2 protein chains.
Amino acid sequence: MALKVALLGCGVVGSQVVRLLHEQADDLAARVGAPLELAGVAVRRLGRRRDAEVDPALLTTDAEALVTRDDIDIVIEVIGGIEPARSLILSALNAGKSVVTANKALLAEDGATVHAAARAGGADLYFEAAVAGAIPLIRPLRESLAGDHVHRVLGIVNGTTNYILDQMDSSGASFSDALGEAQALGYAEADPTADVEGFDAAAKAAILAGIAFHSRVTAADVHREGITEITAADVASAKAMGYVIKLLAICARSDDGRSFGVRVHPAMIPRTHPLAGVREAYNAVFVEARSAGRLMFYGAGAGGAPTASAVLGDIVAVARNVLARTRGPEESTYADLVVHPMGETVTRYHVSLDVADRPGVLARVADMFAKQDVSIQTVRQQGHGDDAQLVLVTHRASDAALSATIEALRELEIVRNVVSVMRVEGEDAS
Amino acid sequence: MALKVALLGCGVVGSQVVRLLHEQADDLAARVGAPLELAGVAVRRLGRRRDAEVDPALLTTDAEALVTRDDIDIVIEVIGGIEPARSLILSALNAGKSVVTANKALLAEDGATVHAAARAGGADLYFEAAVAGAIPLIRPLRESLAGDHVHRVLGIVNGTTNYILDQMDSSGASFSDALGEAQALGYAEADPTADVEGFDAAAKAAILAGIAFHSRVTAADVHREGITEITAADVASAKAMGYVIKLLAICARSDDGRSFGVRVHPAMIPRTHPLAGVREAYNAVFVEARSAGRLMFYGAGAGGAPTASAVLGDIVAVARNVLARTRGPEESTYADLVVHPMGETVTRYHVSLDVADRPGVLARVADMFAKQDVSIQTVRQQGHGDDAQLVLVTHRASDAALSATIEALRELEIVRNVVSVMRVEGEDAS
């Protein structure tokens, strides 16, 4: 007997899911142990042109009725956003139907409610497609590494910003020109806020941190900085020093292991670091665990077909569970670790200052770092007169100490302008 | 109530499993939903010094009695090799006990028997640790990509040979010097045959191909060439052309998708290819699928702790299944595709010949390629007199056509010696 699947949303990802369910029907049936039947597709408006051929008889605008229909076994949510996705997912789970979703925003904003509904409904909630598209990351973290102790997850999880930064790096383009090109190519949306301000990456970081550290994490726990302030000069200066600027998502335990930090921000990484070679809209994530060591996962982080691949993989898993009358692993939050404030994050910093060109400037600036116990690794003076610049790279220091140092530098009459402050990552990994 | 675990073998990997079961007991209990109790350890000899502290009361030399003991829920096999591992695993499965194993040799040699026993016994058979150590590869292939269509799996799956080739590439060392160094550092065994002749990689390739193509594959289906014939001159010549030599495992569907090939052999890859940057004893595997595109997985492919991490992940999964009275995915061989002979493999070739230094030699040699329909991409003549060499790189051709060409070249009086024939990979990927 066929398992009946309801699809919510028929846009870029949904259309691909429809196509693959159809094209790969025989293979999917063999892998699941029963055919999968697309039994309904909820859309906002009927009669719109779609990428995939959908039998018009399957289309409905009444999503709520669809997800609670008696014959539906599995609900696939690819609408995105908080509402109506949340209400529909909750209705499905409450009705005991398993859900596959690609909705990172909802899981990061209100994962607790959704996971609780899955538990209460005795249903599965799978979401591999929510993070890094086709790259298997959720399943390896929550299953393959279930017997290990994850220290850190660090990576590029937003393709749009990686494309923009890669363009800026390779062609010297400004942020706005690179963004325009990304929009023209379909890598960035007309309103690029979610990507360029780091909201998308922050949602993914929250999901990854929660799984990696067996704790509850929401988007509000994530320190978030976007890439809109990155200038062509920042990129060129990084390049001159052998670095490249990437928007990183970093989930890292504190040294004592009792808390962790989650942050998304642009950072300089050495050009020799494997993440430096991640070009265009690709994603790549490092997972560092006590026994496994360093693992890297690389692939297409977005796009209709790659995301649909992840959705289909989850559908197969959930369908097998439905047939076996069992469930996959639930949310795991037993460790209940604390998310520490950004000030406690320890990393290195690259600071660029416009300064007055007179004797004693370096000593005064160095003194401000010393007062906050921030140790300087390298310092370079360049230009003179009105163009005099100091470029400093620190040893590892807390974000709070660095922030206090910057505050103090701004007060100095000899510092004309704090041109840029950027974290340096990827050199402290064991 | 605790789930009871029996461990077969307490060497490099087994010792780490014992340590981690102990050190991470609380975390494991929380993740499984019940404590895991190490209830017995089968060893060859009692009273031997071990890396891990094992309660002497748990040690036994009667493995057969241990695996069938009524109170045992899960059996972990880390002895390796065919016997007694196979008999013990079969006994455990027949008794309905789930098995976690790292035994690539057994799975590649006689996987059918072992998988059939798991099915008959209603028990799980998990083996993430059998391929590429801690790198999650089996689970992503058989679960995350269950809704996709895998074209090709290509990668470095043997750390010992990668270490040796990396040494030869970076220091210009000979094979035997690099092997000696690998042995001194513990990367290679006293008898290195299984690694350097490609048996280890071939077993892994058979396992990966079987899962990727949903067909039954054994080690005997794998075309296997080792690295013992690789000379410092080969490595230097590759380097001069912008290539690096790696021992690759390649599982690839034919163009019509109805058959596939599985092969392990040294190959030249462009220095710009991501696999070229995989240094020392690391492993990395590309998976190319229709919807997901190119995915890469990278990490430590061997070693006690990384392998134990993979074993522990499987133990957690199997333990959850035992508690839920369910089973994970079984062997999937429904596609039942044919393994085509090596002669049908299509790739590119680098051929180096010692030739007589006289007019018309290139024309005669080129004619031999043309007769077999092997098209030449580049040719380089170097040296003269007794040192005259021809170095040719072909376009894509079948292995059979290339072999016939080489046979014909050997017959030519003007060809003094066929110095090397090596496949070129990593340039035809989409």
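This is a predicted model: local features need pLDDT of at least 70, side-chain atom pairs count only at pLDDT 80 or more; totals for chains, interfaces and linings use all residues.
Which residues is A:R263 in contact with, leaving aside its neighbours within four places in sequence? They are A:V222, A:H223, A:L248, A:A249, A:I250, A:M342, A:T345, A:T347, A:R423 and A:E425.

**Domains of chain A**

- Chain A is divided into domain 1 (3–133 + 304–324), domain 2 (142–299) and domain 3 (344–424).
- Between the C-alpha centres of domain 1 of chain A and domain 3 of chain A there is a separation of 51 Å.

**Relation of the two chains**

- Two copies of a chain are related by a rotation about an axis and a shift along it.

- B:M296 belongs to strand β12 (residues 293–300) of chain B.
- With a relative accessible area of 6%, B:M296 is buried, because buried means under 20%.
- Not counting residues up to four places away in sequence, B:M296 touches A:M296, A:F297 and A:Y298 of chain A, and B:P274, B:A284, B:V285 and B:F286 of chain B.
- B:M296 and B:N162 are 134 residues apart along the chain, and their C-alpha atoms are separated by 17 Å.

**Helix pair in chain B**

- Helix α13 (residues 361–371) of chain B and helix α14 (residues 399–411) of chain B have axes that come within 8 Å and cross at roughly 145°.
- The crossing of α13(B) and α14(B) is right-handed.
- From α13(B), the contact is made by B:V365, B:M368 and B:F369, and from α14(B) by B:L402, B:T405, B:A408 and B:L409.
- The residues of this contact between α13(B) and α14(B) comprise six nonpolar, one polar and no charged.

**Two arginines of chain A**

- A:R263 is placed in strand β10 of chain A.
- A:R263 counts as buried, because its relative accessibility is 5% and the limit is under 20%.
- A:R263 and A:A252 are eleven residues apart in sequence, with 8.9 Å between their C-alpha atoms.
- The contacts of A:R263 include the charged residues A:R423 and A:E425.
- A:R86 is found in helix α4 (residues 85–94) of chain A.
- A:R86 is partly exposed, with a relative accessible area of 22%.
- Leaving aside its neighbours within four places in sequence, A:R86 is in contact with A:L106 and A:D110.
- A:R86 and A:P35 are 51 residues apart in sequence, and their C-alpha atoms are 28 Å apart in space.

**Backbone features**

- Most residues other than glycine have a negative phi, and most peptide bonds are trans.
- In chain A, the peptide bond from A:E83 to A:P84 is cis, with omega near 5°.
- A:P84 has its place in the loop between β4 (74–77) and α4 of chain A.
- In chain B, a cis peptide bond joins B:E83 and B:P84, with omega about 10°.
- B:P84 is found in the loop between β4 (74–77) and α4 (85–94) of chain B.
- A:A132 is not a glycine, although it has a positive phi of about 60°.
- A:A132 is in the loop between β6 (125–126) and α6 (138–144) of chain A, and it is buried, with a relative accessible area of 1%.
- A:E280 is not a glycine either, and has a positive phi of about 50°.
- A:E280 lies in the loop between β10 (259–270) and β11 (282–289) of chain A, and it is partly exposed, with a relative accessible area of 41%.

Notes: Residues are numbered from 1 along each chain as its sequence is written. Chains are lettered from A and ligands numbered from 1 in the order in which they are written. Side-chain values use heavy atoms; hydrogens and water are left out. Domain bounds come from an automatic or database domain assignment. Helices (H or I, at least four residues) and strands (E, at least two) are DSSP runs, numbered from the N terminus. Buried means under 20% relative accessible area, exposed over 50%, partly exposed in between (1.4 Å probe, protein chains only). Contact means heavy atoms within 4.5 Å. Axes are lines fitted to C-alpha atoms, for helices over the stretch in contact, and angles run from 0 to 180 degrees between N-to-C directions. A crossing is left-handed if the near helix is turned anticlockwise from the far one by less than a right angle, and right-handed if clockwise.
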